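Dear colleague,

Please find below the structure that I am handing over to you. My notes on what was found in it follow.

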Amino acid sequence: MKTLVRAEHIVTTFPVDRKRRFAAVDGVSLELRRGEIVGLVGESGSGKSVTSMSMLQLILPPGKVEGKVFVDGFEGDTLAFGADSDQVRQIRGGKIGMIFQEPMTSLDPVLTVGRQIQENIMTHLHLPKAEAKARAVEMMKAVGIPDPETRFGQYPSQFSGGMRQRIMIAMVLAAEPDVLIADEATTALDVTTQALILDLIQDLARQRDLTVVIVTHNLGLIARYADRIYVMYGGNIVESAEKYELFDHPIHPYTHGLLAAVPRLDAGKRHMLVPIEGLPPNPADLPPYCKFYDRCPYREEACTQGPCALYQAGEGHFVRCALTQEALADKRGRLEGVRRLMPDKTVSQEICLEVKDLRMDFPIYRGLLKQKVGEVHAVDGISLHVHAGETLGVVGESGCGKSTLAKCVMRALKPTAGQILFHGEDLGTLTGRKLKRARSKLSMIFQDPFSSLDPRQTAGSIVGEPLKIHGLVRDRAQYDARVDELLRIVGLDPTFRDRLPREFSGGQRQRLGIARALASEPDMIVCDEPISALDVSIQAQVINLLIDLQARLKIAYLFIAHDLSVVKHISDRIVVMYLGRVVELAPAERLYESPLHPYTKALLSAVPVSDPHVDLARERIELRGEVPSVMDHPAGCAFCGRCRYAMDRCRTEAPMLRDQGDGRQVACFLYEREAGERDGREGGTEHGEA
Amino acid sequence: MVKYISSRIGQMLVTVVLVSFFTYILVDIMPKDPVYALYGPNITQEEYEAGYRALDLDKPLLVRYGMWASKVLRGDWGTSYKHHMQVWKLLAPKIAVTLYLSVLSAIVSFAVGILLGAVTAVKRGKWQDTVLTFLANLCASLPSFVVALGLLYLFCIRSQLLPTSGFTWPWVDFGKHVRQLAMPLFALSLSGVASICRQTRSSMLEVIRQDYIRTARSKGLRERVVIVGHVMRNALVPVITLLGNRLAYFIGGAMFVENVFSIPGTGSLMVQSINFMDVPVIQAFVVLSAVVISLAYLVTDILYVAVDPRISLD
Amino acid sequence: MREKIEARAAHSGRGRRARQFLRALFHRKIVLVGSIGTIFFVLIALFAPLVAPYDPNVIDKGAYLLGMSPLHPLGTDLYGRDLFSRLVFGARVSLLTGVTATLIAAAAGSLLGIVAAYYGGIVDKILLRACETLDAIPYIALTMALVAILGNGMLNMAVIMCSTCVPFFVRMMRASVLSILNSDYILAAKLSGQSEWKLWLKHILPNSVSPIIVSATQNVGNTIMMESGLSFLGIGISVPMASWGAIISEARPYLTTHPLYVLAPCACLAALIICLNLFGDGIRDALDPSLRGETA
Amino acid sequence: MKKISALLLALCMALSLAACGSKDPDTTASLPPAPSGTESGAPSTARALGGDLVLPFTSTMGEFFNPYKQGNLIEYGWPCYEPLAQLKPDGQWHPCLAESWEVDGEGHTITVKLRQGVTFHNGDTLDADDLVFTLQSRLDYGTASAIGNPSAVEKVDDYTVRVRWDAFSLDYELWILKEYVYSKSAVEDNGLDWILNNMVGTGPYVMSEFIPDVHLRFTRSDSYWREIESGPDTITFQYFPEETTRLAAFLNGEIGTIDTIQSTSIAQLEAAGFVGNSEYNTNNITHYYVQILNLDENDPLADVEVRRALYLHGIDWDYVAEAASGGLGHHNDCIGSERMAYYSPELEQSAYDPEKAKQMLADAGYPDGFETVLYIYPGLEKDATLIQADLEKIGVRSTVEVVDASVVWNYMTGYVDGVESGIFPQYLSYDSSFQTDRFIKFNSPEGAVAEHTVWDDEGVALWNAVKTAKTHEEQNDALRAFVEYYVLTDCTYWPMYNVEGKMYYQEDVHYSDMAPIVGAGYDPLEIWMDVK
């Protein structure tokens with residue numbers, strides 16, 4: 001296959017202050033051949049995005065890019081031409097197109113969607129306006145946007161996240177580039193939408209013999225879609241190989257660590273994750289020698305002797321490590337057996353939290369005049385219970401009402417109807433003193449570590465605040481001791497007590513959030529997407545921390561997330577939600593082995609497994625259409641619009657949760673008939689006990 | 001859109017009514033005696049009492065306000081104590097002049113301000129940024145009447161280039177109009193430039209860091225096209241909000257320039273009427289200015305909503 | 001590498017953060033100039049009696065309208081008083097009026113802003129309507145009427161001039177409080193049972209106050225400018241203690257024959273306002289970390 | 001009723017008003033001698049018809065002529081209104097609207113015979129009814145004191161009117177000079193408000209356009225009763241609030257003349273080669289004085305000794321004059337300038353001696369001085385500052401309060417509470433007729449607060465002597481005695497300084513020496529412009 005783009009020893013530096021500069025990308029060389037899909041994988045701060053941006057010279061001053069980039073059709077080093085030169089501008093968009101992570105902010109809000117697509121066409125294909133418009137509409141149809149003629153004139157704010165990413169793809173491909181770089185293109189999307197978008201990119205690449213670079217931190221995506229993979233850490237490529245070669249015999253300790261740290265859908269629940277210890281690399285002061293030295297379990301003196309080079313360890317397989325392949329192999333053998341087992345925890349029968357037919361409606365105000373035009377049934381009659389010491393996982397895509405459920409349970413919102421019984425007391429009716437005492441036993445961990453800590457408060461006072469509120473300490477000495485203990489429990493150095501949140505990394509901040517939640521010795525913690533904003537290696541550390549704490553302190557978790565593999569790893573039982581209703585509930589293992597509800601099946605099939613062989617073998621379910629808008633409540637089953645087995649009964653009547661034996665429940669008419677026959681009960685209206 | 005505008009106009013009317021009521025009270029508290037203002041100082045006690053009753057000063061405040069408001073609604077703004085003219089006939093041409101000068105100054109200061117702001121944002125850190133920011137701040141820190149006097153000295157006393165004073169409508173004699181308006185316009189709009197420049201600069205710096213600008217660049221557009229096509233359009237949205245506030249400032253501040261270049265605006269009239277306690281003129285001036293300023297804010301809101309599609313109106 | 005981490009941790013948090021704030025504040029050269037200028041003027045205002053060679057009100061008979069001379073560095077005004085000393089004492093009057101007016105406006109505005117944001121609903125609407133009304137009145141008319149009622153003592157002038165800035169502060173404080181109210185750490189504190197007023201005291205106020213500080217510094221400049229405008233109308237601060245604005249309007253007729261008499265106070269006024277604006281910009285950037293790296 | 005000894009500015013100069021500004025010490029003829037040599041300003045070239053004369057005007061134009069009030073300033077009315085007779089610099093009384101008039105000494109009557117064939121600008125012909133209406137309206141309104149309060153006005157026939165006074169008064173002879181006749185029909189048809197914004201006179205120029213605070217334009221009338229050989233086509237009074245702008249407009253050639261008392265403007269005009277003319281221009285002397293008004297017995301200013309200390313020795317009047325007027329003004333201890341008829345050198349008694357003043361204050365019981373308030377109009381800050389500084393030196397601490405002209409009136413009348421006493425520096429431009437009310441009435445919603453006589457008994461006696469003087473000499477002596485008492489003994493009237501303004505003319509603007517009318521602006525027929 002012909003090499004389209006070759007980058008040699010790219011170094012991109014940014015100023016730390018007037019004197020020193022740091023290299024975000026420290027000598028990266030890579031090749032892109034026609035028609036292949038390349039995976040560029042690494043955590044945030046590994047320089048994967050900066051590398052792709054450097055190739056297109058999208059780095060803004062004061063950043064500087066050195067090295068050589070050769071692009072087919074342009075002789076000589078394209079870096080030599082200025083960033084604003086005609087040649088480079090032809091490459092950008094014309095030869096190499098790029099789509100970015102955040103669909104919500106990647107399109108210009110004040111220009112119509114069509115005009116932005118036209119702009120790309122007219123710049124590169126030099127077509128007149130009318131023709132460019134026709135071509136744009138055709139591209140919109142190609143990426144699956146319904147009735148593109150009318151939507152051509154609409155603004156980005158009128159599209160959903162998934163739709164906007166399709167528009168980005170249409171815009172880039174409209175200029176017929178040879179290479180498409182997808183920089184974390186689906187990270188912000190739901191699992192099912194992510195699958196649809198990446199399948200679309202894969203089909204378009206096949207049709208147009210397009211080279212695609214998937215830049216991501218999600219090993220699953222790489223396993224499913226990429227042909228060749230580069231693994232990056234601290235600004236260097238640490239390992240590169242064909243997909244199967246890399247997944248079957250990973251050599252570099254970091255690659256190995258990543259594979260062990262990522263929870264797998266098909267993995268059992270007996271072993272804890274093996275996190276990569278320590279902090280992510282701080283770009284300001286990177287060591288001259290191997291950057292992974294601090295976190296590498298196999299590090300030796302040899303590693304610090306100077307920069308280690310990329311050497312060929314097999315056919316098309318390159319590794320950048322001071323230790324030889326064999327040394328790494330036997331070290332790994334010794335450490336292999338030491339994987340920790342999941343601590344055994346006792347789940348008592350006593351019910352800690354019981355939610356009975358919870359309903360939460362939000363009025364919608366239309367336009368600036370605030371007339372009420374409709375109602376959103378965010379939570380539409382949910383009943384569930386959590387035993388003391390148990391972890392109940394709640395899974396569902398965005399808009400299914402899982403966060404609203406968390407807020408109702410925490411009484412941040414007053415539920416429209418239904419009861420929330422915490423140790424028998426209905427939180428819904430509690431007020432004042434009694435609510436405050438109940439709240440000490442129930443705390444919450446938030447998703448965004450940056451906005452959940454008061455920027456003006458020191459770490460110590462953040463963690464200690466619940467102590468003061470509930471008067472759990474008598475005097476200053478006991479307060480300090482307790483704060484230090486809490487910091488130590490979550491693995492933070494107590495001397496960081498008087499630092500401000502902005503001086504901590506994302507992972508450390510989430511640990512502060514956990515410490516704060518633990519301060520009032522709660523019986524139950526509601527975790528609202530606690531790890532989705534963190535890096536993979538840090539996620540594993542936080543998950544293990546939560547598991548250990550639960551075993552030791554007997555705390556119940558209501559664990560809410562959209563990453564199914566993490567939820568499977570940590571939960572005892574899992575609830576699957578769709579558009580405000582519970583569609584299925586089952587123990588973790590059994591849900592993944594034999595999902596009942598069609599939506600659960602589709603959801604599970606959309607999640608890629610970080611092992612190419614297993615992933616290839618799994619059955620792929622095509623999920624049509626999009627999540628219906630929250631405002632028009634479908635009469636029957638909310639999923640029937642996208643369900644392959646939809647019957648006319650589904651369209652008229654809403655299915656109730658039916659008990660399917662050994663703790664499993666499902667709300668779907670497919671199982672109604674069998675359940676009916678098996679138990680002989682007519683379709684009663686009473687609810688199955690979740 | 002129509003529903004939005006009509007409700008905003010409703011709010012505007014409420015504001016104007018509140019302004020008129022507040023002004024009525026304010027004027028009533030002022031220590032000077034309107035009877036002397038109308039009838040002059042040396043009048044007999046009987047005349048004083050007749051005048052007192054004629055002005056309904058013996059009735060309670062609310063009743064007086066009601067009577068005044070009802071007359072105004074019928075279009076009768078009363079006669080000026082000092083000029084013995086229908087207030088409306090006295091005030092209308094002057095408000096037209098001040099409004100014309102203010103709107104023109106707003107346009108000029110916005111044009112120059114945005115230009116300066118854009119250049120300092122694009123050339124951030126370079127010498128242009130420092131120099132232009134310093135210049136913009138210098139303009140803002142000179143009182144408008146000092147600038148006016150300086151210009152007068154330069155162009156009239158030293159070099160006799162421009163006429164010193166007066167105002168003629170452009171359709172009357174365009175050449176004279178332009179020559180007469182050059183200095184006052186420059187003096188008045190100078191003060192507005194700095195704040196607009198600073199707002200443009202900070203909103204442009206904000207927009208340049210956004211993702212969609214990186215997307216625009218990744219489409220291979222020329223840097224100039226990115227700046228003008230994408231950055232400026234987004235950066236101007238917050239700058240528009242300044243329009244209403246700047247216009248209100250100009251209407252208030254135009255007086256100094258009018259005084260120096262003896263332009264027949266409302267400026268000097270307003271000072272006299274307050275000193276002379278010419279109640280109907282004060283009332284009319286403040287209420288009419290309030291209407292104009294509220295209109296300016298209304299236009300700003302509508303422009304803001306029209307330009308930014310993210311705000312849905314339906 | 002490891003030692004460095006420990007070393008950094010050992011610093012006491014507060015000291016290091018203050019140094020960080022100052023380094024960020026003076027990161028831009030012109031901000032440094034602005035801050036030094038502001039402090040320079042404040043010092044002059046404070047130690048006016050020491051700095052001024054003569055008593056500002058003493059008339060040196062016969063020496064009126066003299067140009068620069070060793071005796072009088074900036075010449076004398078039309079009565080024969082030393083212009084340099086009058087400017088020095090004028091700094092005290094101008095700064096005092098400007099700062100007092102801004103403090104009162106910022107305090108009143110912030111309070112009303114908090115009340116509007118806290119109660120919301122009808123209270124919010126009333127306050128916004130009041131601000132809109134105050135904004136709609138041309139500020140000259142308002143100030144003249146108030147001067148006629150209250151008289152023009154220095155404190156009165158401060159109160160009068162701040163009446164036009166209060167709406168600005170109300171809106172700014174309300175916006176900043178509203179944006180903080182729906183952030184996660186407020187929800188976290190509320191959920192952990194924090195009492196209402198402590199929530200406001202510990203979390204909401206400290207975070208919402210930084211935009212107010214920034215615009216307050218720039219507001220001082222505008223207030224001094226407004227005072228000079230009022231002196232032009234003859235209703236500035238009463239004689240003989242004159243602010244810069246009063247000196248400018250007093251010297252107005254001598255622009256053509258004794259330019260220094262007008263240009264000296266104008267230069268002082270311009271310099272002070274520029275320094276204040278730059279100082280305000282610097283504080284804004286230092287307080288808002290996201291902008292820190294951007295500015296030169 | 002609180003006895004308030006207030007001494008207001010009621011100087012009784014009504015009679016010899018015409019003399020003010022004239023050089024000739026003897027008031028009888030009260031005429032300036034024919035100027036020596038040619039008219040100052042441009043040499044008189046051939047008189048021409050045409051051109052547009054623009055004259056600057058600094059204060060805002062309030063109401064024009066109010067038939068029910070007397071003494072309205074006619075600074076901008078002279079092109080349109082004409083008096084019965086005009087007193088010109090050549091000393092003769094040029095008959096104007098009145099063809100002739102006889103004065104009957106014993107019967108205290110004057111019979112005026114009006115000129116025939118004179119029409120007002122609104123077409124109404126001038127006849128006795130108009131004159132009777134003009135006089136009678138003011139008599140009914142009670143504001144005729146400026147012309148000696150005639151007792152009766154009778155219409156003898158269509159063109160003759162006889163006016164009778166009940167007592168001999170020098171005023172009534174001068175009445176002819178000041179009597180402007182209105183068109184009765186104009187007032188009655190259009191009402192008072194209209195007449196206050198429009199001028200209907202008999203003069204050579206008709207008012208064509210008036211925009212308040214902008215300009216007042218006259219165009220030459222074609223139905224004037226005299227033949228017009230020279231004069232501009234239009235005369236425009238343009239409003240200039242700012243002094244510098246007025247100067248720039250003159251230097252730019254936009255305005256025909258400029259009269260200024262600003263030392264800076266005069267310096268620049270002289271530098272530009274213009275020659276100022278102020279010898280006999282009667283309208284341009286501004287007399288600045290201080291009025292002591294104390295309404296409270298136990299106020300230090302009520303004590304004559306204190307006032308004498310402050311006035312005679314406490315304040316350095318020469319420096320005040322020099323600094324406040326930029327070197328143009330000079331001080332003398334007389335009400336009005338030294339060119340007044342009643343002036344005599346021995347009035348000069350004030351001598352600046354702070355030590356003596358302090359000593360006198362100590363004797364009067366105020367060893368460490370006292371507090372007082374300086375009330376000033378806007379624009380008089382200079383004088384207040386200078387006085388304040390001098391008073392400070394002798395221990396009298398004073399604060400300055402800026403008040404507005406109309407408010408001053410309330411202060412003086414004591415109606416505005418909180419003001420018990422104070423020093424009132426004011427200015428009085430000589431061309432305005434003096435207020436000669438001898439007593440002040442002031443009113444409030446609660447009724448007339450108080451009436452108080454202007455002076456104490458001695459002052460009243462001196463004033464009566466002036467009123468009843470038969471001849472000018474007699475009147476001057478009485479006036480001199482009154483001034484001596486008022487200024488030097490009672491010390492409640494402190495003359496500060498007089499500034500003789502200067503008038504400058506463009507090269508193409510000419511006027512004959514007959515142009516200025518004493519106390520009433522100019523004769524429009526005596527001003528003309530070069531027509532290019």
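A residue is called buried under 20% relative accessible area, exposed over 50%, and partly exposed in between (1.4 Å probe, protein chains only). Val42(C) is partly exposed because its relative accessible area is 36%. This residue lies in helix H3 of chain C.

This is a predicted model, in which local features need pLDDT of at least 70 and side-chain atom pairs count only at pLDDT 80 or more, while totals for chains, interfaces and linings use all residues. Residues are numbered from 1 along each chain as its sequence is written, chains are lettered from A in the order in which they are written, and side-chain values use heavy atoms, without hydrogens and water.

Val42(C) also belongs to a nonpolar surface patch of about 650 Å², together with Ile39(C), Leu43(C), Leu46(C), Phe47(C), Leu50(C) and Val51(C). Such patches join nonpolar side chains (Val, Leu, Ile, Met, Phe, Trp, Tyr) within 5 Å, from residues with over 30% relative accessible area and no salt bridge. H3(C) gives the most to the patch, 4 residues.

As for chains C and B, their contact (heavy atoms within 4.5 Å) takes 43 residues from chain C and 48 residues from chain B. The two chains bury about 4,100 Å² between them, 77% of it on carbon and sulfur atoms; this is the accessible area (1.4 Å probe) lost on being put together, summed over both.

With kind regards

Technical notes. Patch = residues over 30% accessible without salt bridge, like charges linked within 9 Å, V, L, I, M, F, W, Y side chains within 5 Å. Areas by Shrake-Rupley, 256 points an atom, 1.4 Å probe, with all protein chains shown as cover. Salt bridge = Lys/Arg side-chain N within 4 Å of Asp/Glu carboxyl O. Helix = DSSP H or I, 4+ residues; strand = E, 2+ residues; numbered from the N terminus.
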